[in-house]
Amino acid sequence: MSRQRHRVILLVGFMGAGKTSVGKMLAEQLHGRFVDLDDLVVVQEGRSIAQIFEEAGESGFRSRESAALQQLLSELTSSGNAVVALGGGALSQPENRAALERSGFPRIFLDAPVEVLFRRCASQNLQRPLLKEFSTFRDLYSSRQSHYSSAAFRIETENKSVAEVCNQIRSLLGAETLGTKEND
Ligand code: S3P
């Protein structure tokens, strides 16, 4: 795989996995930009994820999410370092999985026990339309495992700081392939 391709890192995983916190810090370390796919949808739509779910349903959200992902992937191929956080359900769409595969960008699966993910989500003041009672959350998490597991690496985030997770990603992918200076 070429050096250029490793300059984009995709973070995948369920709600509460820490994709946004890790993505922001990692992007800073790599002197790159952080992109949150959900934020792109929100900006393009001019309304929140919760509103999109309410007004267009989950399928309406998924089609917007797919369109934003396709557009983003085409832009990323010609831009510098970037770390992208994908929403927890972005891999549910076969066309998204195919586009991500074609891109060749490494996917990192951030994970934690489902009880920990649920606790983290419950403690965050974020509107997540698919955050319901624990049993539903757990079933959704289980149903998505095969998609997340297709990532190049899985990182367990329980009991780790954001900085520790970033370090692990950097050493897994190799700092030099990420476009950073050797002594960075
Ligand atoms: C979703 C996860 C959310 C967001 C939307 C749907 C999901 O993103 O895309 O609420 O289907 O798991 P985060 O994983 O960043 O919470």
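Which backbone N or O atom lies 3.4 Å from an oxygen atom of the ligand? I found that this atom belongs to Gly 89.

**Entry 1. Basis**

I note that this is a predicted model, in which local features need pLDDT of at least 70, side-chain atom pairs count only at pLDDT 80 or more, and totals for chains, interfaces and linings use all residues. I number residues from 1 along each chain as its sequence is written, and side-chain values use heavy atoms, with hydrogens and water left out.

**Entry 2. The ligand**

I looked up the shell and found 13 residues around the ligand, the closest being Lys 19, Asp 38, Arg 62, Arg 128 and Arg 144. A residue is near a molecule if one of its heavy atoms lies within 4 Å of it. By class, the shell holds five nonpolar, three polar and five charged residues. Here Ala, Val, Leu, Ile, Met, Phe, Trp, Tyr, Cys and Pro count as nonpolar, Asp, Glu, Lys and Arg as charged, and the others, Gly among them, as polar. Helix H3 (residues 49-76) gives the most to this shell, with three residues. Helices (H or I, at least four residues) and strands (E, at least two) are DSSP runs numbered from the N terminus.

I then read the distances. A polar side-chain atom of Asp 38 is 2.8 Å from an oxygen atom of the ligand. For Arg 128, a side-chain N or O atom lies 2.8 Å from a ligand oxygen atom. The protein buries 94% of the 380 Å² that the ligand exposes when taken alone. Accessible areas come from the Shrake-Rupley method with a 1.4 Å probe; for residues, only the protein chains shown count as cover.

I also recorded that the ligand sits in the largest pocket. A pocket is an open set of points on a 1 Å grid over the protein atoms alone, where a 1.4 Å probe fits, with protein on both sides within 12 Å along at least five of seven lines. A molecule sits in a pocket if more than half of its atoms lie within 2 Å of its grid points.

**Entry 3. Helix H2**

I checked the ends of helix H2 (residues 37-45). Asp 36 caps the N-terminal end, with a side-chain oxygen 2.9 Å from the backbone nitrogen of Asp 38. After H2 comes Gly 46, with a positive phi near 70 degrees.

**Entry 4. Asp 111**

Is Asp 111 buried or exposed? Asp 111 counts as buried because its relative accessibility is 3%; buried means under 20% relative accessible area, exposed over 50%, and partly exposed in between (1.4 Å probe, protein chains only). I located Asp 111 in strand E4 (residues 107-111). Its side chain makes a polar contact with the side chain of Tyr 141 at 2.8 Å. Such a contact is a pair of N or O atoms within 3.5 Å; within protein, one must be able to donate a hydrogen and the other to accept it, and residues adjacent in sequence count only if both atoms are side-chain atoms.

**Entry 5. Two loops**

I found Leu 30 in the loop between helix H1 (19-29) and strand E2 (33-36). Leu 30 is buried, at 3% relative accessible area. His 31 is found in the loop between H1 and E2, but His 31 counts as exposed at 54%.

Most residues other than glycine have a negative phi. His 31, not a glycine, has a positive phi of about 55 degrees. Asn 159, also not a glycine, has a positive phi of about 60 degrees. I placed Asn 159 in the loop between strand E5 (153-156) and helix H7 (162-173), and Asn 159 is exposed at 73% relative accessible area.

Definitions and conventions
On a 1 Å grid over the protein atoms alone, a cavity is a set of points where a 1.4 Å probe fits but cannot get out, and a pocket is an open set with protein on both sides within 12 Å along at least five of seven lines; lining residues have an atom within 4 Å of a point.
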